[in-house]
Every structure is written in C-alpha cells, then in structure tokens.
Amino acid sequence: MKKMPKLFLVALLALWGPLAHATVRVFACEPEWGALVKEIAGDRATVYVATTAMQDVHRIQARPSLIARARSADLVVCTGAELEIGWIPMVRSQSGNERIQLGKPGYLEVASFVPRIEVPTVVDRALGDMHPQGNPHIQFGPRQMQLAAVEVEKRLAQVDPAGEQDYRTRLADFTRRWKDATARWATLGAPLKGVGVIQYHKNFSYLFDFLGMRETGTLEPKPGVEPTSSHLNELITQQKTDPARMVIRSSYHAEGPAQWLASRIGVPSIMLPATVGGTPGAKDLFGLYDDSIRRMLDALKQGG
Amino acid sequence: MPPKRLMAAALVAAAVVSCPVHAQTPSGDDLESIRRQLQELKQTYETRIQALEARLKAAEEASRHAERSAAQAQTRAENAEVAAAQAQPQPVQAQPNKLNPAISLILNGTWGRYGHDPSSRVTGFAASGGEVSPPRGASLGESELAMSGNVDPFFRGSFRASLAPEGGISVEEAFFETLALGNGFTIKGGRFFSGLGYQNAVHPHAWDFADASLVQRVFLGTNYGDDGIQLRYLPPLPVYLQLGAEIGRGRTFAGVGDVTRNPEGNGRGSEVFFAHLGDDIGDSHSYQVGVSHLRQESGTQGVSLFDYDDLTGVTNLFSGTQHITGVDFVYKWAPEGNPVYRNFKFATEWFQRRLDGRFAFDTRGINSVDGFQARQSGWYAQAVYQFMPYWRTGLRFDRLSAGSVALHANAANLTPPAFDPRRWSVMVDWSPSEFSRVRLQYNRDETRENAATGAALTDNQIFLQYVYSLGAHGAHKF
C-alpha cells in the first residue's frame, strides 16, 4: 500500500502531459447540446456527449464512464426539467469536480432558461413520469434552441473568458443562420399546419407547436408507461372522431406498437430522430429539423 | 472621432480664440494672468476630456454587452407569447420541495415460506444478525425514510433511517459529503455504508434479489458501515478509476455484530481501502472491477462469535484482528445503451476473511484462552435479464468455504464445522414503473448442516415481496 502514492504520481505525470488542455472540455448530457456547443465554440471546445439518439435519456444510469468524463469537465450542459434526474445528480456528486456543481457557471440546465410547454397543473406520480417544470424535450423548439444558444455562449464565455470574442462572433453567426432556417422550416412545414398526429411519447410537442400541428394522442397511456392494448384500442376508437394522419415514434422507441396502431387506423407509421444522430440526415441541429419535417411531409403525401 | 470628443475640442478652441478678443490693452501682468487662465482652462478641459474618454470607453463596453444580449432580447420578445401562456414563473434549476431536502419513503414487505426454522444461522460462520431472513408468513420489512439535499455550496447532506416493524428506529446512514474540494477529491463523513465491494453500498430496496448474498451476509453483516470518514479520489483519466480510503471507530465487527465496548486506540477500529476501475465498451457494454480491503481491531475486550455459542451454548469471546479482502466485477449490457426494452446485468464478488487473535472458550466457566486463526472465503455470481419492459428474471449462486480454523488448546473443547454452505436462487420481478416492484423468488438453501448426518439440510424457500418508493426520484446507480 505504501508504494501506491509514488506509483500514482508517476502514472499521473505520464498521463497529465497529453491531457493538459488548451480547449474547454464540455460534457453534454444529450447530443443536441453537444451539437449546439460545437456551433458556438467551434474548435475551442472538446465535446463529450453522454447519450445517443437511440437511448431513452430518462433511464440512463450513472455509469463509471460518465463519472470519469464529468470529473474533468469545465462545463456540463444538460436539458434539466428533471429529464436527467435519475443520473446527473449522482454523476455530479461522484465526480469530485467543484466546477460542475449546482449554481456554478460550469453547470447549465438549459430548460431553466427557455419557455416550456405542457407544464402540468396537477403533479402526482399516479399520472405517470411527471415533469413538474413542463415538457423537457425542448430541442425541437426553434425559439427554445435560440435562447439556449444565448445561454450556452454566456456560460462558455464565463468558463473560458479568453474565447469571449470567438463565442460572440459564432453566436451572431448561428443566430443569423438559425433565424433563416426557422423561416425556411415554417415555409417547408406549412402543409403540416393543422395536421393531427399520434406520437409515442411527448418527444416532438415543441415541433408540433412550432408548425401548428395537432397531437391527437400518445401511444403511452401515461408518460413513461409502455403502450397497453386497452389504450391502443381507445386510440382506434378516437380515430373516428379526431383523426390522426400519421403515427410518430422517436429513434429510441420500439417499432411494434406504433406499426400495429398505424396499420389498424390506416395511416403511415414513421420514425423521427429523437435528437441529433437519430437518423443519417440529422447530422447537426439544422439537419435534425430538416430531416424531421421532410419525414413528416413524406408521410403526409404517402397517406394521401 | 466620436461626437462628444469633437465637441470638447471645439470648446477648447473657442476658449483659446475668445481670449485675445477681451485682452484689448495687454500689460505684462495681464499677459501673465491670461497665460495662467489659459493654462487653467487647458488643464480643466484636459481632465474633462479624459473623463469623457473614460465615459466613452464605458459606453463602448456597454454597447458590446448590448450587442451580445441583442440576440437574447430579440428571441425573448418573440417568446413573450409562449412565456405569457406559461402561467408559472420559471423555477431556477431542479430543486424538489424548494429549499427542503428531497424526501423519500420505502415500503416493503414479504410473504415467506420455509421448510425449516428461518432463524437458525449459516453453519460454521459467525453471522451478523444484521440481516436475518424474513419470518414465516406475511411480514412487514423495514421501512426506510431518507432525506438528502445540498447544505450550502460546499456540502451535501444525506440521512436514511430504517424503521423496524416491531418498533424502533435505526440510523442506517447519516453523512455529509463535500461538493467544493475539486480536483477529483471528495470527503464523506458521518455514518455511511462502506465503499468496499460492489453490492455493499446498495440499499436493500435496490437489490436484485429478495435477500443479500451469503458472502455479504456472513462477512459484511449485509451492509457494512461505520462511523468515520471516507476520502475518495478520481485521477484525471479517460477511464473511471476511483480510489478510496475510510477510517472508522469500528462500530461493528463486520459479519459478527456490534462491538459493545469501544476498542482501544481512541476508537480507530477499522480501515478500508478500495479501488474501482470501469468504462464502456462501445454503446452497449459497460463494466466495473474492484478490489477492497477491510481491517478491523476487536480490542482486548473481544467480541462474541455467535456461531460457536450456538454450538456449545456457552459464551465465547474473540479478540484480535479481522482482515476482509474482496474482488468484485460487474458487467452490464443494453442494446445501444437503451435499457428500456431489454438489458442484462452480471455481478460477482469474492471475499476472504482472516481472523487472527485469541479465543476465550466458555468465559463464564472454564475460560480457556488460547490463540485463534481462521481463514474463510465465499463468493456469489448473479445474472439478471430484463426480457421485456417491466419484467426481469434472475439467477444467483452462493458458495461459502469453511476454510481452516485453528483453535490451538481450545481444539479440545470445540470442533469447528467443516461444512461448505451453498444456495441457488431464482427470481422473477415485475416493475411497472421505477417506483414499484413485485418479486417472486425461490431459494434452494443448503446453508445449514444436518448435525445428525453431517449432510446439508435442504430448505426450499419461497418469497413474495413488494418494494415501493415514494417521493423524491432515486438515483440510477450503476
């Protein structure tokens, strides 16, 4: 045991050199925040993304790899609104990293800085997996993403003051491109206005809100509860009075129940990327919106 | 040139030009006074110009900030509509119950069926009494009440009490933990479950089976914890490496029971060292391996070795040192890292216990005292598979090795059993949400020796168990 400290020092010194950083190390809880940080920070940041578009972020565990990455992070960017409540508090408390604790500039919960929809008036676990602060899947709100960009830039400048000028320039550039893209998406998605859809989980509410679409129901009887046959039958009955034109699931949801319902009510069943990386088209934030809207437009045509 | 600076320059020029107009009959004194006045004027304006320049600089700074917040202001305005629709003000960061700690309550109960008396102990091992099997029939388990929260920017606090069904409250954990040390260091102090091994720090409600593994039960007293201090360090590596050390009073003699009399040395009765290494392999696989060591002193007063009491019906005492060394390994799989539909977990732990000291046989009677050495070991391996949402099944094998026990002079009074206990467990559980679980488990228990035949006493045990968590969302521990 007594030889351990010496051995450690040697190991540390050997590893410290290559690890010594010139850039800001960012731990992004979800791929959308990784993509946003890359937009604002460019090469100034090295970004580690903790989850993928194939994973249900509610259900992640505080794995050793996540704790190791959080340990050296200068900035942690998460969604918040209790989306990561099962794992991020533990990752932070186990990390031994004071820079990413609650209240520090190095810990950002984006949802706290953007308007949220579907804020419940009654909060009780009997209603399923509740998010008292509203729908946390904010990556599909163009306005939310713009506000997020502003906050991300602010935090980057706080943890890396030397890069302030860079971040400001890149934010201005992003804002311009994002504004243009938002206008383009509004035009592109115009045929979707008023279209009724059923989604698996409330992953895409912000996008529906933006495009003026109408959610007629969710496959999940309650948030976070897997579809049941009785609930799917209710959706079939409801189709007669309040018709949906397509059934939408995210890249991490099972195809089965969505396909089953879609075939019963005679509408297309489609998959949308849950976030960046969910489909080959969703390479970045712009691609995420482009691809999602295109997929819905295709389904609309296909459904006739 | 900015307008303010231009104006100031013009004023100076005007003053200089206007002076000669008033000096129509210049004398030497007048000229001197005019020069002085001019000098004064010049100085006044210079200071004013400097002040104006400073203000200008500040204004430029402000405009830079304004530029940055322009994008924000614009989008904020666009969002006014959405914000207005949202009746409640935005809560800042997630904080359950505002400034109160997060509170959670665990309810659990079991229905048990046994072929033999569940209160008898594992043969040959000094069992703790910390975790005894649930009684026959329906029984309420220990309810747990937990509170935790940040104390201030520097510390986090956590408290967990266990409420026994027959009455009485015991404090399972009550500790503080640092938040602001940084550089990978964390200090935990108070009463806490030790970081040794893998399963030891897992609370009963989060177990994958209705009962603890045998090795955990007989060597660690189910959840070994002490009153003391823990230091953890994570070196800045791309993989997870956690190094930890604990020093405690030695409140319990692990696997044996409470130490009623304080050991010597101002209460430094136990030390723990542990190291864990873990990482992901691709998106779907993750693992953790660990080594741990626990050293304890019983103090000269000694502790009862219960099992020998059971055999002889007399009071025995052991005093000396206990070393527990362990190795643990955990592997988890979920397709593309998404555990919702299917996932798999494998865990195994091996522990060895060495006791070295003196043993007093029949302290109230013949009180024969001589040396005592014991070396015993045990392991378990378990696999749990979630084959569809909500449903999991698991298989576990437990094995203990009686090892060697040297009693020296007391060998004449006592023969330690040479019996290797083992157990098979199979379980199925259903968790319709993260907060509830119902479990059915079958144990083929061969942990006790049939004293008459020397063979194992086979006990078929069945448990039906419920576990409910209310309140604050629990942590998804690896």
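## A tour of salt bridges, interface and a covered helix

Start by selecting Asp445(B) and Arg448(B): their side chains meet in a salt bridge, 3.7 Å from N to O. A salt bridge here is a side-chain nitrogen of Lys or Arg within 4 Å of a carboxyl oxygen of Asp or Glu. Both Asp445(B) and Arg448(B) are buried. Buried means under 20% relative accessible area, exposed over 50%, and partly exposed in between, with a 1.4 Å probe and protein chains only.

Before going on, some ground rules. This is a predicted model, in which local features need pLDDT of at least 70 and side-chain atom pairs count only at pLDDT 80 or more, while totals for chains, interfaces and linings use all residues. Residues are numbered from 1 along each chain as its sequence is written, chains are lettered from A and ligands numbered from 1 in the order in which they are written, and side-chain values use heavy atoms, with hydrogens and water left out.

**Stop 1: salt bridges in chain B**

Select Arg444(B) and Glu446(B). Their side chains form a salt bridge at 3.3 Å, N to O. Which of the two is buried, and which is partly exposed? Arg444(B) is partly exposed, at 36% relative accessible area. Glu446(B) is buried, at 12%.

Now go to Arg295(B) and Glu271(B). The closest N and O atoms of this salt bridge are 2.9 Å apart. The pair links distant parts of the chain: Arg295(B) sits in strand β12 (residues 285-297) of chain B and Glu271(B) in strand β11 (residues 270-281), 24 residues apart. Strands (E, at least two residues) and helices (H or I, at least four) are DSSP runs, numbered from the N terminus. Both Arg295(B) and Glu271(B) are buried.

Next, select Asp208(B), Lys345(B), Arg392(B), Asp429(B), Arg437(B) and Arg439(B) together. Salt bridges link these residues in a network. Over all chains, the salt bridge count comes to 38.

**Stop 2: where A meets B**

Show both chains. 64 residues of chain A are in contact with 71 residues of chain B; contact means heavy atoms within 4.5 Å. The two chains bury about 6100 Å² between them, 54% of it on carbon and sulfur atoms. Buried area is the accessible area (1.4 Å probe) that two parts lose on being put together, summed over both.

How many salt bridges are there between chain A and chain B? The count is 1. Select Arg63(A) and Asp280(B) to see a salt bridge whose closest N and O atoms are 2.9 Å apart. Then colour α5(A), which gives the most to the side of chain A that touches chain B, with 7 residues.

**Stop 3: Gly86(A)**

Find Gly86(A) in the loop between β3 and α4 of chain A. Gly86(A) counts as buried, at 2% relative accessibility. What does Gly86(A) touch, residues up to four places away in sequence aside? Look for His473(B), Gly474(B), Ala475(B) and His476(B).

**Stop 4: helix α2 of chain A**

Finish with residues 31-41 of chain A, helix α2, which is mostly covered: 10 of its 11 residues are buried. Among the buried ones are Trp33(A), Leu36(A), Val37(A) and Ile40(A). To see what covers them, show elements of chain A including β1 (24-28), β2 (45-49) and α10 (285-303). Just after α2(A), stop at Gly42(A), which takes a positive phi of about 55 degrees.
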